[in-house]
Amino acid sequence: MLDILVSQIANGLVLGVIYVLIAVGLSITFGLLGVINFAHGAFFALGAYVGWQMFQLFGWPAVILAPPVVGLIGMAVEMILIRRLYGKEPLLSLIVTFALALLIEATIRYIWGAEGKPFNPPPLLAGIVEIGPLLITKYRVGVLVATTATLLGLWAFLAWTPYGRILRAGSRDPEMVELLGINLPRVLTAVFGLGCALAAVAGVLAAPLWTVSPSMAAGAVMPAFVVVAIGGLGSFRGAVVAGLAVGVVTSLTIQFKPDAAAASMYALMFAILLLRPRGLFGERWERFE
Amino acid sequence: MRSSISRRAAVAGAAALVVAGRMASAEDTGPVRIGLIYSKQGPGAAIGEFLQRGSELAVEQAGRKVLGRPIEITWLDEPNPQVSQQNMQRLIDENKVVAVVGGNYSSSALAMMSVAAREKIPLILPGAAASEITGKNCNRYTFRTQATVPVQMRGLMPYVAELGKNVYFLTPSYAFGQDILRSSRALLKDVGLIEVGVDEVPLNTPDYSSYILKIRQAKPDVIIGGLVGGDFSNFLKQWNEMGMRDRIPYAAVAVTDTDFWDVGAQASAGIYIKPWYYNNPKNSAVEKNMIADFQKKYNQPPSDKTWSGWIAMRALLESIEGAKSTDAKAIVTALERWRNTEEEIPFFFRDWDHQMVRPAVIVRVKKQITDKWDYFDVIKNTSQTEVETIKTFGDKEEIGCTIAQL
């Protein structure tokens, strides 16, 4: 029993780490822009498809170009569409981004077709790792490493660089930031692009695990919202803790009661929100209250 | 007094108009409208696409005409049971279809069938293998082409028994999966197999790693599965990723080619039951023509779903021609008399439950896949003669269908 528990928990942490990556982008977009981006899952899928296309054209190393490409697409979307949602009621951003999600999924289906694209882990990372009771695939270890690096990099960027400080300040007090002579609209465009690029990183990492198909967005967007709700909107720390918690809870539920597995994350969300309605680390945002 | 006379006149006038309208639609020379309900998005999208291509091909081969009138097809989505049911209602109310071909998931099919019975519009299901569809839930207006779960499981079991004694079940958590469990458990004793574990997986699950860990721990000799579409593709991929592909064999029913094409040769393995295979040397000449047409149009071979969509539409069009009418009751009666003699064993819809009586084909993934599309070796059919086929589909008592009067 202990053997399988250890393996399931490790597996849950890896699953959770993917959820964290998907949720962090969503949390940043909400925290810094005040926009609930329902199209986040669609950018996740777009990242997977662009990554697959890069692989087809140029081989494995080119896959790393997918997140910047999707980030640029995200910036264009922000300039054309998203900036009109700032300061408006949250329901509007939900509806508009929901429509955007459908549009992106339909575009993916139009360009690449409805069938899935075979995409396997790189030969370097094929195979499994067995350490005592623990069984994990080499590729998932790679995902763990890559995600941790990305999250650390992101955190360092937000905490230590001047740009990161501007982003954080802009979310608290946009007027003051503008008064200080900083071009806020450009900052906001970059933030949305960053959120989309993070979704794309998650998409590229998940592509060899889950089938690359137009509907893969659905598998990402619901867990992302649940993780953000549990962790607290706009909280980086919250997204990390909540993501890992959702991953582990899902794995353990599969071990003991698989038919409840899909519902387990919602049950967790329900329990946490009853105790802490703003989520585990949710902060007060004057702007929204 | 004057107002009541004019009111009476108005009512009489309105009644006359209604009668005239009814008469006009009865001898309508306008298009014959047919509805399709296949998945356009989600994990079933690839399945829906191939089904639609098959139905479309049948319409084209009929010259886009039936009874000398042009055919108008409306294709609506099959995302979940509620919306599929609403879409069927829409097709009937707004598009005024004479019949509907559609329903790949048993859950959607069960919902759509109730609309068919209530509105008295014929529905032909090219997918949906759960037994209750032509069993205890059967109705006079619904027909089904795919072999039932019990028939497919009976075909698969002898091969499962060859692979070992301990069986682990990995089935989807809805009517179809529950039917697989029910039918298999009844057959296990006959072939001397033991159940060592079962997991009922919710639909749309993207990650199977935790399930695979459980299976690995139970150490079965073989897995009996029933995952569908994109879910099955995800599982195969992760099964291979975790090094299990060559360790424990996998057997399943009601799979389709796109499940495998979507993951590639590397991850594909196992033994399966499906309705049809494009590279079966025993395919009829008409089928070979269809394959060639499809290949020319889409640059790839048709999946079995294409065949299902094609044969369902052909049955409908041929029945409308045979009935010389688009009246629902006439179509139903014609479908009950419809028969196809192109294959080795003639097939038809059984009149007392509307189940198509036709063997399925048992296939195994090739050891070496060299062609981009040809993944399977055909082993044989689930039954070899007409008599055997009729027997495998069960008798009235087993099936439990009491079909109403027209």
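**Note on the two-domain architecture of chain B**

1. In chain B, the centres of domain 1 and domain 2, taken over C-alpha atoms, are 26 Å apart. Domain 1 of chain B comprises 32–147 + 282–358, and domain 2 comprises 149–274 + 360–390; these bounds come from an automatic or database domain assignment. The model is predicted, local features need pLDDT of at least 70, and side-chain atom pairs count only at pLDDT 80 or more, whereas totals for chains, interfaces and linings use all residues. Residues are numbered from 1 along each chain as its sequence is written, and chains are lettered from A and ligands numbered from 1 in the order in which they are written.

2. The contact between the two domains takes 22 residues from domain 1 of chain B and 24 residues from domain 2 of chain B (two residues are in contact if their C-beta atoms, placed from the backbone, lie within 7 Å). On the side of domain 1, two or more residues each come from helix H2 (45–61), helix H4 (106–119) and helix H11 (304–323) of chain B. That side divides into twelve nonpolar, seven polar and three charged residues. Here Ala, Val, Leu, Ile, Met, Phe, Trp, Tyr, Cys and Pro count as nonpolar, Asp, Glu, Lys and Arg as charged, and the others, Gly among them, as polar.

3. As a whole, chain B contains 14 helices and 16 strands; helices (H or I, at least four residues) and strands (E, at least two) are DSSP runs, numbered from the N terminus. The radius of gyration of chain B is 23 Å, which agrees with the value near 22 Å that a compact globule of 406 residues would have; the radius is taken over C-alpha atoms, and the globule rule is 2.2 Å times the number of residues to the power 0.38. Along the principal axes, the C-alpha atoms of chain B fill a box of roughly 90 × 45 × 40 Å. Of the contacts in chain B with a separation of 6 or more, 70% are between residues 24 or more positions apart.

4. An open sheet of seven strands in chain B has the order E8-E7-E9-E10-E11-E15-E16, with mixed pairing (two strands pair if DSSP finds at least two bridges between them). Its edge strands are E8 (194–201) and E16 (376–381) of chain B, each pairing on one side only. Within chain B, strand E9 (residues 222–225) and strand E10 (residues 250–253) pair in the parallel sense over three bridges, and Ile223(B) stands opposite Tyr250(B) in E10(B). Helix H6 (residues 175–191) of chain B lies across E7 (166–172), E8, E9 and E10 of chain B and runs at about 160° to E7(B); axes are lines fitted to C-alpha atoms, for helices over the stretch in contact, and angles run from 0 to 180 degrees between N-to-C directions.

5. A second open sheet in chain B has three strands in the order E12-E13-E14, paired antiparallel. Strand E13 (residues 347–349) of chain B is joined to E14(B) by two bridges, and Phe348(B) has Val357(B) as its bridge partner in E14(B).

6. In chain B, 52% of the 406 residues count as buried (20 or more other C-beta atoms within 10 Å of a residue's own; exposed means 12 or fewer, partly exposed in between, with C-beta atoms placed from the backbone). Helix H7 (residues 209–218) of chain B is mostly covered, with seven of its ten residues buried, including Tyr211(B) and Leu213(B). Lys219(B), which follows H7(B), has a positive phi, near 50°.

7. Between the chains, the contact takes 32 residues from chain A and 35 residues from chain B. On the chain A side, H1(A) gives the largest share, five residues.
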